[in-house]
Amino acid sequence: MTAIPMETGLLLAGILFMLGLISVMIRRNIIFMLISVEIMLNAAGLAFIVAGSHWAQPDGQIMFIFILTMAAAEVSVGLALILQIYHQLKTLNSDAANFMKG
Amino acid sequence: MELTFYIAASVAVLATIMVITRYNMIHALLYLVVSFLAVAVVFLTMGAPFMAALEVIVYAGAIVVLIIFVIMMLSLTREDVEQEKAWLQPKLWIGPALLSFVLLAELVYLLAIADMPATASAASYVDAQAVGLALYGPYVLGVQLSGILLMAGIVGAYHLGRQKKKVIHRFLQQEEAQKERSAAL
(Lines give C-alpha, C1' and ligand atoms only; values in the text may rest on other atoms or scores of the structure.)
Protein backbone atom coordinates (compact mmCIF):
# COMPACT_ATOMS: atom_id res chain seq x y z
CA MET A 1 0.00 0.00 0.00
CA THR A 2 2.14 2.82 -1.21
CA ALA A 3 1.06 6.28 -2.26
CA ILE A 4 0.55 7.02 -5.92
CA PRO A 5 3.72 8.38 -7.55
CA MET A 6 3.56 12.08 -8.26
CA GLU A 7 4.60 11.67 -11.90
CA THR A 8 1.56 9.53 -12.67
CA GLY A 9 -0.85 12.08 -11.23
CA LEU A 10 0.83 14.90 -13.09
CA LEU A 11 0.75 12.83 -16.28
CA LEU A 12 -3.01 12.35 -15.84
CA ALA A 13 -3.45 16.09 -15.32
CA GLY A 14 -1.36 16.76 -18.42
CA ILE A 15 -3.36 14.34 -20.56
CA LEU A 16 -6.67 15.85 -19.43
CA PHE A 17 -5.37 19.37 -20.06
CA MET A 18 -4.16 18.42 -23.56
CA LEU A 19 -7.55 16.86 -24.36
CA GLY A 20 -9.26 20.09 -23.34
CA LEU A 21 -6.81 22.16 -25.35
CA ILE A 22 -7.29 19.99 -28.46
CA SER A 23 -11.04 20.26 -28.09
CA VAL A 24 -10.98 24.03 -27.73
CA MET A 25 -8.97 24.21 -30.95
CA ILE A 26 -10.92 21.77 -33.11
CA ARG A 27 -14.43 22.69 -32.01
CA ARG A 28 -16.30 25.69 -33.37
CA ASN A 29 -19.44 25.28 -31.26
CA ILE A 30 -19.10 27.85 -28.51
CA ILE A 31 -20.73 25.72 -25.81
CA PHE A 32 -18.26 22.93 -26.56
CA MET A 33 -15.44 25.42 -26.24
CA LEU A 34 -16.76 26.42 -22.79
CA ILE A 35 -16.93 22.75 -21.76
CA SER A 36 -13.33 22.29 -22.92
CA VAL A 37 -12.22 25.23 -20.81
CA GLU A 38 -13.91 23.54 -17.84
CA ILE A 39 -11.94 20.35 -18.58
CA MET A 40 -8.70 22.32 -18.67
CA LEU A 41 -9.47 24.11 -15.38
CA ASN A 42 -10.28 20.77 -13.80
CA ALA A 43 -6.97 19.34 -15.00
CA ALA A 44 -5.09 22.30 -13.52
CA GLY A 45 -6.88 21.73 -10.20
CA LEU A 46 -5.92 18.06 -10.37
CA ALA A 47 -2.27 19.04 -10.72
CA PHE A 48 -2.57 21.19 -7.57
CA ILE A 49 -4.17 18.32 -5.66
CA VAL A 50 -1.40 15.94 -6.76
CA ALA A 51 1.27 18.36 -5.60
CA GLY A 52 -0.49 19.00 -2.29
CA SER A 53 -0.83 15.26 -1.74
CA HIS A 54 2.85 14.72 -2.50
CA TRP A 55 3.99 17.11 0.21
CA ALA A 56 0.98 16.36 2.50
CA GLN A 57 0.17 20.06 2.78
CA PRO A 58 -3.31 21.64 2.60
CA ASP A 59 -2.13 24.42 0.26
CA GLY A 60 -2.82 22.40 -2.89
CA GLN A 61 -6.40 21.79 -1.86
CA ILE A 62 -6.88 25.47 -1.07
CA MET A 63 -5.67 26.36 -4.55
CA PHE A 64 -8.22 23.87 -5.87
CA ILE A 65 -10.98 25.65 -3.93
CA PHE A 66 -9.93 28.94 -5.53
CA ILE A 67 -9.89 27.32 -8.99
CA LEU A 68 -13.37 25.96 -8.25
CA THR A 69 -14.63 29.43 -7.33
CA MET A 70 -13.09 30.89 -10.45
CA ALA A 71 -14.61 28.17 -12.64
CA ALA A 72 -18.07 28.80 -11.19
CA ALA A 73 -17.84 32.56 -11.82
CA GLU A 74 -16.36 31.99 -15.28
CA VAL A 75 -19.05 29.55 -16.38
CA SER A 76 -21.88 31.84 -15.27
CA VAL A 77 -20.48 34.86 -17.13
CA GLY A 78 -19.57 32.69 -20.12
CA LEU A 79 -23.06 31.25 -20.39
CA ALA A 80 -24.57 34.73 -20.19
CA LEU A 81 -22.28 35.76 -23.06
CA ILE A 82 -23.35 32.66 -25.02
CA LEU A 83 -27.00 33.61 -24.52
CA GLN A 84 -26.28 37.11 -25.84
CA ILE A 85 -24.35 35.77 -28.86
CA TYR A 86 -27.15 33.37 -29.66
CA HIS A 87 -29.77 36.10 -29.49
CA GLN A 88 -27.70 38.45 -31.63
CA LEU A 89 -26.44 36.01 -34.24
CA LYS A 90 -28.94 33.12 -34.06
CA THR A 91 -26.07 30.65 -34.17
CA LEU A 92 -23.57 29.04 -31.83
CA ASN A 93 -20.74 29.04 -34.36
CA SER A 94 -17.94 31.06 -32.82
CA ASP A 95 -16.65 32.08 -36.26
CA ALA A 96 -19.89 34.00 -36.81
CA ALA A 97 -18.78 36.50 -34.17
CA ASN A 98 -15.72 37.67 -36.11
CA PHE A 99 -17.07 41.11 -37.00
CA MET A 100 -17.08 42.58 -33.50
CA LYS A 101 -15.13 45.80 -33.38
CA GLY A 102 -14.27 47.91 -30.37
CA MET B 1 -5.16 1.56 -3.70
CA GLU B 2 -2.87 2.13 -6.64
CA LEU B 3 -5.08 -0.02 -8.84
CA THR B 4 -8.06 2.12 -7.84
CA PHE B 5 -6.18 5.20 -8.95
CA TYR B 6 -5.21 3.72 -12.31
CA ILE B 7 -8.74 2.51 -13.06
CA ALA B 8 -10.23 5.90 -12.15
CA ALA B 9 -7.57 7.68 -14.21
CA SER B 10 -8.31 5.59 -17.30
CA VAL B 11 -12.04 6.16 -16.82
CA ALA B 12 -11.37 9.90 -16.64
CA VAL B 13 -9.29 9.94 -19.83
CA LEU B 14 -11.77 7.71 -21.68
CA ALA B 15 -14.76 9.84 -20.64
CA THR B 16 -12.95 13.04 -21.61
CA ILE B 17 -12.12 11.64 -25.04
CA MET B 18 -15.79 10.77 -25.44
CA VAL B 19 -16.72 14.33 -24.39
CA ILE B 20 -14.62 15.97 -27.07
CA THR B 21 -15.76 13.64 -29.85
CA ARG B 22 -19.54 13.82 -29.33
CA TYR B 23 -21.70 15.81 -31.72
CA ASN B 24 -24.73 16.02 -29.44
CA MET B 25 -24.23 18.41 -26.55
CA ILE B 26 -26.33 16.46 -24.06
CA HIS B 27 -24.37 13.26 -24.74
CA ALA B 28 -21.14 15.19 -24.24
CA LEU B 29 -22.43 16.52 -20.92
CA LEU B 30 -23.34 13.00 -19.83
CA TYR B 31 -19.74 11.92 -20.39
CA LEU B 32 -18.49 15.13 -18.78
CA VAL B 33 -20.28 14.21 -15.54
CA VAL B 34 -18.59 10.80 -15.64
CA SER B 35 -15.23 12.47 -16.20
CA PHE B 36 -15.71 14.73 -13.16
CA LEU B 37 -16.81 11.77 -11.03
CA ALA B 38 -13.69 9.87 -12.08
CA VAL B 39 -11.50 12.82 -11.14
CA ALA B 40 -13.30 12.90 -7.78
CA VAL B 41 -12.32 9.27 -7.21
CA VAL B 42 -8.74 10.20 -8.12
CA PHE B 43 -8.89 12.93 -5.45
CA LEU B 44 -10.14 10.35 -2.95
CA THR B 45 -7.22 8.04 -3.67
CA MET B 46 -4.87 11.01 -3.39
CA GLY B 47 -6.01 11.58 0.19
CA ALA B 48 -8.20 14.64 -0.43
CA PRO B 49 -11.74 13.48 0.44
CA PHE B 50 -13.11 16.99 1.01
CA MET B 51 -12.04 18.04 -2.46
CA ALA B 52 -13.64 14.90 -3.91
CA ALA B 53 -16.95 15.94 -2.35
CA LEU B 54 -16.54 19.51 -3.64
CA GLU B 55 -15.72 18.21 -7.12
CA VAL B 56 -18.96 16.19 -7.21
CA ILE B 57 -21.09 18.99 -5.75
CA VAL B 58 -19.75 21.98 -7.67
CA TYR B 59 -18.46 20.58 -10.97
CA ALA B 60 -20.71 17.57 -11.59
CA GLY B 61 -23.61 19.26 -9.84
CA ALA B 62 -23.76 23.00 -10.26
CA ILE B 63 -21.72 23.75 -13.37
CA VAL B 64 -23.07 20.93 -15.55
CA VAL B 65 -26.65 21.71 -14.50
CA LEU B 66 -26.06 25.37 -15.41
CA ILE B 67 -24.86 24.37 -18.89
CA ILE B 68 -27.87 22.06 -19.32
CA PHE B 69 -30.20 24.91 -18.35
CA VAL B 70 -28.67 27.20 -20.96
CA ILE B 71 -28.91 24.50 -23.64
CA MET B 72 -32.57 24.12 -22.73
CA MET B 73 -33.10 27.89 -22.85
CA LEU B 74 -31.60 28.10 -26.30
CA SER B 75 -34.00 25.34 -27.48
CA LEU B 76 -31.63 24.60 -30.31
CA THR B 77 -33.57 21.90 -32.06
CA ARG B 78 -37.27 21.33 -32.38
CA GLU B 79 -37.01 18.11 -30.49
CA ASP B 80 -40.36 16.60 -29.74
CA VAL B 81 -41.46 13.40 -28.07
CA GLU B 82 -40.08 11.23 -30.91
CA GLN B 83 -36.72 12.93 -30.62
CA GLU B 84 -36.69 12.34 -26.88
CA LYS B 85 -37.54 8.71 -27.47
CA ALA B 86 -34.74 8.45 -30.00
CA TRP B 87 -32.32 9.93 -27.49
CA LEU B 88 -33.12 7.34 -24.86
CA GLN B 89 -31.74 4.45 -26.92
CA PRO B 90 -29.71 2.05 -24.77
CA LYS B 91 -26.64 2.61 -26.94
CA LEU B 92 -26.60 6.24 -25.85
CA TRP B 93 -26.65 5.78 -22.10
CA ILE B 94 -24.88 2.41 -21.88
CA GLY B 95 -21.43 4.02 -22.24
CA PRO B 96 -21.71 6.53 -19.37
CA ALA B 97 -23.57 3.95 -17.30
CA LEU B 98 -20.77 1.39 -17.69
CA LEU B 99 -18.07 3.92 -16.86
CA SER B 100 -19.89 5.19 -13.77
CA PHE B 101 -20.52 1.59 -12.73
CA VAL B 102 -16.76 1.08 -12.66
CA LEU B 103 -16.50 4.14 -10.41
CA LEU B 104 -19.28 2.82 -8.17
CA ALA B 105 -17.43 -0.49 -7.80
CA GLU B 106 -14.32 1.44 -6.81
CA LEU B 107 -16.27 3.46 -4.26
CA VAL B 108 -17.73 0.31 -2.72
CA TYR B 109 -14.25 -1.21 -2.60
CA LEU B 110 -12.82 1.86 -0.89
CA LEU B 111 -15.66 1.86 1.65
CA ALA B 112 -15.12 -1.85 2.26
CA ILE B 113 -11.55 -1.25 3.38
CA ALA B 114 -12.95 1.40 5.66
CA ASP B 115 -9.76 2.51 7.39
CA MET B 116 -8.37 3.45 4.01
CA PRO B 117 -7.37 7.06 4.71
CA ALA B 118 -5.68 6.27 8.00
CA THR B 119 -3.56 3.39 6.76
CA ALA B 120 -3.24 3.43 3.01
CA SER B 121 -1.91 6.90 2.36
CA ALA B 122 -1.18 8.10 5.85
CA ALA B 123 1.70 10.14 4.49
CA SER B 124 -0.41 12.12 2.04
CA TYR B 125 -3.78 12.26 3.78
CA VAL B 126 -4.96 15.83 4.40
CA ASP B 127 -8.36 16.05 6.05
CA ALA B 128 -10.95 18.78 5.82
CA GLN B 129 -9.97 20.25 9.19
CA ALA B 130 -6.44 21.06 8.04
CA VAL B 131 -7.81 22.61 4.85
CA GLY B 132 -10.27 24.75 6.80
CA LEU B 133 -7.63 25.92 9.26
CA ALA B 134 -5.29 26.93 6.46
CA LEU B 135 -8.12 28.48 4.44
CA TYR B 136 -9.21 30.82 7.22
CA GLY B 137 -5.68 31.29 8.55
CA PRO B 138 -2.99 32.36 6.11
CA TYR B 139 -5.31 32.33 3.08
CA VAL B 140 -8.14 34.48 4.44
CA LEU B 141 -7.31 37.22 1.93
CA GLY B 142 -7.89 34.74 -0.87
CA VAL B 143 -11.28 33.89 0.59
CA GLN B 144 -12.26 37.55 0.55
CA LEU B 145 -11.02 37.94 -3.02
CA SER B 146 -13.07 34.87 -3.98
CA GLY B 147 -16.10 36.56 -2.47
CA ILE B 148 -15.49 39.66 -4.57
CA LEU B 149 -15.00 37.49 -7.66
CA LEU B 150 -18.27 35.65 -7.08
CA MET B 151 -20.08 38.94 -6.53
CA ALA B 152 -18.67 40.27 -9.80
CA GLY B 153 -19.68 37.03 -11.49
CA ILE B 154 -23.28 37.33 -10.27
CA VAL B 155 -23.58 40.97 -11.30
CA GLY B 156 -21.89 40.31 -14.64
CA ALA B 157 -24.06 37.31 -15.44
CA TYR B 158 -27.20 39.25 -14.56
CA HIS B 159 -26.15 42.24 -16.63
CA LEU B 160 -25.08 40.23 -19.66
CA GLY B 161 -27.90 37.73 -19.56
CA ARG B 162 -30.67 40.32 -19.41
CA GLN B 163 -32.85 40.55 -22.49
CA LYS B 164 -32.81 44.07 -23.78
CA LYS B 165 -36.36 45.32 -24.21
CA LYS B 166 -37.03 47.49 -27.24
CA VAL B 167 -37.74 50.95 -25.85
CA ILE B 168 -39.98 53.11 -28.00
CA HIS B 169 -40.90 56.70 -27.27
CA ARG B 170 -44.60 57.27 -26.77
CA PHE B 171 -44.99 59.38 -29.95
CA LEU B 172 -43.30 56.66 -31.96
CA GLN B 173 -45.48 54.14 -30.16
CA GLN B 174 -48.57 55.81 -31.62
CA GLU B 175 -46.99 55.74 -35.06
CA GLU B 176 -46.18 52.07 -34.65
CA ALA B 177 -49.77 51.36 -33.62
CA GLN B 178 -51.10 53.27 -36.64
CA LYS B 179 -48.73 51.40 -38.93
CA GLU B 180 -49.88 48.10 -37.48
CA ARG B 181 -53.51 49.10 -37.90
CA SER B 182 -53.01 50.03 -41.54
CA ALA B 183 -51.10 46.82 -42.12
CA ALA B 184 -53.97 44.88 -40.61
CA LEU B 185 -56.42 46.60 -42.94
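A residue is partly exposed when its relative accessible area lies between the buried limit, under 20%, and the exposed limit, over 50%. A:Ala56 has 28% relative accessibility, so A:Ala56 counts as partly exposed. Its place is the loop between H2 and H3 of chain A. The backbone of A:Ala56 is worth a look too. Its phi is near 55°, a positive value in a residue other than glycine. The model is predicted, and the values that follow come from that model.

Turn now to chain B. Its secondary structure comes to nine helices and zero strands. Along the sequence, the pattern reads α-α-α-α-α-α-α-α-α. Chain B has 185 residues, and 35% of them are buried. The chain exposes about 11,300 Å², with 70% of that supplied by carbon and sulfur atoms. Take the contacts in chain B between residues at least 6 apart in sequence. Of these, 70% join residues at least 24 apart.

Chain B is also divided into domains. Domain 1 covers 1–77 + 119–126, and domain 2 covers 131–159. How far apart do the C-alpha centres of domain 1 and domain 2 of chain B lie? They lie 23 Å apart.

Start with the helix H1 of chain B. It runs over residues 2–21 and has 20 residues. At 1.5 Å a residue, the helix should span 28 Å; its end C-alpha atoms are 29 Å apart, so the two values agree. The buried residues of H1(B) include B:Phe5, B:Val11, B:Val19 and B:Ile20. What do the buried residues of H1(B) pack against? Within chain B, they pack against helix H2 (25–45) and H5. In chain A, they pack against H1 and helix H2 (30–55).

H5 of chain B can be followed next. This helix spans residues 90–112 and has 23 residues. From first C-alpha to last, H5 reaches 31 Å, close to the 33 Å expected. Its buried residues are B:Gly95, B:Pro96, B:Leu99, B:Leu103, B:Glu106 and B:Leu110. An α-helix has 3.6 residues a turn, so residues three or four places apart point the same way. With that in mind, look again at B:Leu99, B:Leu103, B:Glu106 and B:Leu110, which are among the buried residues of H5(B).

Now consider how the chains meet. The contact takes 53 residues from chain A and 62 residues from chain B. Together the two chains bury about 5,300 Å² between them. Carbon and sulfur atoms carry 79% of that buried area. How many salt bridges does the rule find across the interface of chain A and chain B? It finds zero.

Single residues show the meeting of the chains in detail. A:Ser23 is found in helix H1 of chain A, residues 6–26. Its relative accessible area is 1%, so A:Ser23 is buried. Leaving aside neighbours within four places in sequence, A:Ser23 is in contact with A:Ser36 and B:Ile20.

B:Ile63 lies in helix H3 of chain B, residues 49–74. Is B:Ile63 buried or exposed? At 3% relative accessibility, it counts as buried. Not counting residues up to four places away in sequence, B:Ile63 touches A:Glu38, A:Ala71, A:Ala72, A:Val75 and B:Val58. B:Val33 is 30 residues away from B:Ile63 along the chain, and their C-alpha atoms are separated by 9.9 Å.

B:Gly61 is also placed in helix H3 of chain B. B:Gly61 has 24% relative accessibility, so it counts as partly exposed. Its C-alpha atom and that of B:Leu141, 80 residues apart along the chain, are separated by 27 Å.

B:Tyr23 lies in the loop between H1 and H2 of chain B. With a relative accessible area of 77%, B:Tyr23 is exposed. Leaving aside neighbours within four places in sequence, B:Tyr23 is in contact with A:Arg27 and A:Phe32.

Finish with chain A. A:Asp95 sits in the segment after helix H3 (59–89) of chain A. At 44% relative accessibility, A:Asp95 counts as partly exposed. A:Asp95 and A:Arg28 are 67 residues apart in sequence, and 7.0 Å apart in space, C-alpha to C-alpha.

Terms used: Residues numbered from 1 in each chain as written. Chains lettered and ligands numbered in written order. Predicted model: local features only at pLDDT ≥ 70, side-chain atom pairs only at ≥ 80, totals over all residues. Heavy atoms only, no water. Domains from an automatic or database assignment. Helix = DSSP H or I, 4+ residues; strand = E, 2+ residues; numbered from the N terminus. Expected span 1.5 Å × (residues − 1). Buried < 20%, exposed > 50% of the residue type's maximum accessible area, 1.4 Å probe, protein only. Contact = heavy atoms within 4.5 Å. Areas by Shrake-Rupley, 256 points an atom, 1.4 Å probe, with all protein chains shown as cover. Buried area = accessible area lost by both parts, 1.4 Å probe. Salt bridge = Lys/Arg side-chain N within 4 Å of Asp/Glu carboxyl O.
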